[in-house]
Protein chains: 2
Amino acid sequence: MSKKPLRAVLVGFGNVGRKLAAMLTEERDRYPGLAELALRPVAIFTGRHGAIVNPAGMDLGDALRWYKEGGGFPAAPMTVMDALRLLDYDVLVELSPLDIAQRGEPALSRVRAALEQGRHAVTANKGPAAFAYRELAELARRKGVRFLFESAVMDGAPVFALRSALSGCRVKALAGILNTTTNFVISRLERGESIEAAVRTAQRLGFAEADPSLDLEGWDAAAKTAILANFFLQADIDPLRVERRGIAGLGAADVARAAAAGRRLKLVCRAWRENGAVRATVAPEEVDGGHHFAAVNGKGAALRIETDMMGPIWIMQEDPGLADTAAGVIQDLLAVAAGRQGEKNGK
Amino acid sequence: MSKKPLRAVLVGFGNVGRKLAAMLTEERDRYPGLAELALRPVAIFTGRHGAIVNPAGMDLGDALRWYKEGGGFPAAPMTVMDALRLLDYDVLVELSPLDIAQRGEPALSRVRAALEQGRHAVTANKGPAAFAYRELAELARRKGVRFLFESAVMDGAPVFALRSALSGCRVKALAGILNTTTNFVISRLERGESIEAAVRTAQRLGFAEADPSLDLEGWDAAAKTAILANFFLQADIDPLRVERRGIAGLGAADVARAAAAGRRLKLVCRAWRENGAVRATVAPEEVDGGHHFAAVNGKGAALRIETDMMGPIWIMQEDPGLADTAAGVIQDLLAVAAGRQGEKNGK
């Protein structure tokens, strides 16, 4: 087991960050596929619970235990941006939440700073790829490092990994059900619950944000649509340029009208080429009862990819949880580690 | 455009082979993603329409035109096995049909012969991976070449490419609807047609074999299940060891009984770990009307993958045609070409 640890700056140590840390340490025995991956943080920054910095690197399991026992870390000894510029590390792992009003900041600047330093950047935050995919991908290419964000859309379901799997094909259009909270809320509306009650349930189950407007107004879906359009259709758009209608205005009557026609309401994301440009939309649609979209229940998600060569290809996920998001980050870290291995072999 | 052509021995020049040739020549302008791929055959063998051999390589477009104008090639000047052993080529492209009674032969021996010569082997034939995956994968590894068969299951939908995309995960179980003809026939039974009439329609549409028993008795599905079990679950089984029940005995009454309960009959393939071994089955199942399996219609297919880390992941395809099968072969050829590029860069 010649795994050389990846030295990491971790930003964000909430549910996903701690789950990632647990999977790589105390839960590691459950996941034989992780044998080749080791993460050695040189810094861990949290949103509101301090930070810990050790330029020599620290044991991830020790850090996790310390966090849990103390309910956080001490006050941060330096800023995230200073850490990204001054410390020696292999990869930034950015796990802070999306901020639409700040146009993807501060995650975007952190990813840019890491890439500028010639470090890899892995993020579960949708902001960087939704607001600056083209710039950051080009910067990474120029620096010879990776900018990866598999968990930003459909958690660990291999969405972005499909591009190389579909080599030779040109993507023409995308359609998906990508926001968990709205899909869950609509399912509850179908059972006669109110939007408010459904949102409270989603919050209690831990997957809706404290402020649900990001989900209900379609911003999360718009961010994902922008990323997909940028990545698969070579667009250069951001969530503000996605034509967006959320589900905040929907009620029992809308759901019942669809059901009476054998259909289901879904918040559908779309992106496609039209007259040399790329259009992207997020809006509630009535989908046919026998369509794959209608079978996306609860927290599930689905993405339909049309190419120039084949009938449509679908990737879907069923019942994802925290581990699924962490798994997307892990896939990215394994890609970074494999590339590093390749570099060494090439030299 | 520095594409160095892949020198190929093509075996099988039926619908898929000719579609592949057309996509790489006369239809090339439709597919900008193929710019980097060029195939230069040193030999093309057909099943019953002769062969053409030119050790210096020939233009694929010329060969296709010659075949179409003459209704075939001249009598074969040498055997396939001699060609595989004596000619200089980069890759065997094996497109002959599956033969269960011959346990995957003669395709299996052809793939073995190519790999033994240190050539890559790409096949759309299910036989080699269904009957000898472990041996051939190990042989390829030892020789430093690729043994690829993306189109053997779900055509060009990236099934086998998912293994690297799901890096870090260990696959626990697979379930799929993988045989086009039976799925199409059951759809027709639901509309009140007889099995015989439905099979005739499938034959007329060009996707059922002249002898439909391979499909109806579940052999095609069993071969695909064996490949998936061998590839994803490290099994070492073949189609004869898949517990198999086809749809030959089904009739309108079975379909109607399922429909009355809001369910649909589907021929479902399964493989999973059980007590340290791998079990694999093919059998008709009644699936719930709201399940993704129920939404697989006509020629569509779906595969559900359970891993140790995430909720189930699905890959599906909608309305595949000849180009989809050719696209799977193209993906494999691009992987071979990329690897060759990598080798050169490494040196």
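The legends below describe close-up views of a predicted model.

**View 1. An open sheet of 12 strands includes strands from chain A and chain B.** The order of the strands is β8(A)-β10(A)-β9(A)-β7(A)-β11(A)-β12(A)-β12(B)-β11(B)-β7(B)-β9(B)-β10(B)-β8(B), and their pairing is mixed. The edge strands are β8 (243–244) of chain A and β8 (243–244) of chain B, each of which pairs on one side only. Strands of a sheet pair through backbone hydrogen bonds, in either a parallel or an antiparallel manner.

**View 2. Strands β7 and β11 of chain A run antiparallel.** Strand β7 (residues 171–177) of chain A is joined by six bridges to strand β11 (residues 301–307) of chain A. Within this pairing, A:Ala175 has A:Arg304 in β11(A) as its bridge partner. Helix α11 (residues 252–260) of chain A packs on the sheet, where it touches β9 (263–274) and β10 (277–288) of chain A. The direction of helix α11 of chain A makes about 90° with that of β9(A).

**View 3. In chain B, strand β10 pairs with β8 in the parallel sense and with β9 in the antiparallel sense.** Two bridges connect β8(B) and β10(B), and B:Glu243 has B:Thr281 in β10(B) as its bridge partner. Between β9(B) and β10(B) there are 12 bridges; here the bridge partner of B:Ala271 is B:Ala280 in β10(B). β9(B) and β10(B) form a hairpin with two residues between them. In the turn, B:Asn275 has a positive phi of about 50°. Helix α10 (residues 219–232) of chain B lies across β7 (171–177), β8, β9 (263–274), β10 (277–288) and β11 (301–307) of chain B. This helix, α10 of chain B, runs at about 35° to β9(B).

**View 4. Chain B has an open sheet of six strands with mixed pairing.** The strands follow the order β3-β2-β1-β4-β5-β6. At the edges stand β3 (51–53) and β6 (147–148) of chain B, each with a single partner strand, so one side of each is left without a neighbour in the sheet. Strand β4 (residues 91–94) of chain B pairs with strand β5 (residues 120–123) of chain B in the parallel sense over four bridges. B:Val91 has B:His120 in β5(B) as its bridge partner. Helix α4 (residues 107–116) of chain B packs on this sheet and touches β1 (6–11), β4, β5 and β6 of chain B. The direction of helix α4 of chain B makes about 170° with that of β4(B).

**View 5. Helices α7 and α8 of chain B cross at roughly 130°.** The axes of helix α7 (residues 180–190) and helix α8 (residues 195–205) of chain B come within 9 Å. α7(B) and α8(B) are therefore oblique to each other, and their crossing is right-handed. From α7(B), the residues B:Thr181, B:Phe184, B:Val185, B:Arg188 and B:Leu189 meet B:Ile195, B:Ala198, B:Val199, B:Thr201, B:Ala202 and B:Leu205 in α8(B). The residues of this contact comprise eight nonpolar, two polar and one charged.

**View 6. A:Phe13 and A:Tyr67 form an edge-to-face aromatic pair.** The structure holds 28 aromatic pairs over all chains. In the pair of A:Phe13 and A:Tyr67, the rings are 5.3 Å apart centre to centre, with 80° between the planes. A:Phe13 lies in the loop between β1 (6–11) and α1 (15–24) of chain A, whereas A:Tyr67 belongs to helix α2 (residues 60–70) of chain A. The pair thus links distant parts of the chain, with its two residues 54 residues apart.

Note on methods:
Residues are numbered from 1 along each chain as its sequence is written. Chains are lettered from A and ligands numbered from 1 in the order in which they are written. This is a predicted model: local features need pLDDT of at least 70, side-chain atom pairs count only at pLDDT 80 or more; totals for chains, interfaces and linings use all residues. Side-chain values use heavy atoms; hydrogens and water are left out. Two strands pair if DSSP finds at least two bridges between them. Contact means heavy atoms within 4.5 Å. Axes are lines fitted to C-alpha atoms, for helices over the stretch in contact, and angles run from 0 to 180 degrees between N-to-C directions. Angles under 35 degrees count as roughly parallel, over 145 as roughly antiparallel, 65 to 115 as roughly perpendicular and the rest as oblique. A crossing is left-handed if the near helix is turned anticlockwise from the far one by less than a right angle, and right-handed if clockwise. Ala, Val, Leu, Ile, Met, Phe, Trp, Tyr, Cys and Pro count as nonpolar, Asp, Glu, Lys and Arg as charged, and the others, Gly among them, as polar. Rings of Phe, Tyr and Trp (its six-membered ring) pair if their centres lie within 6.5 Å; planes under 30 degrees apart count as stacked, over 60 as edge-to-face and the rest as tilted.
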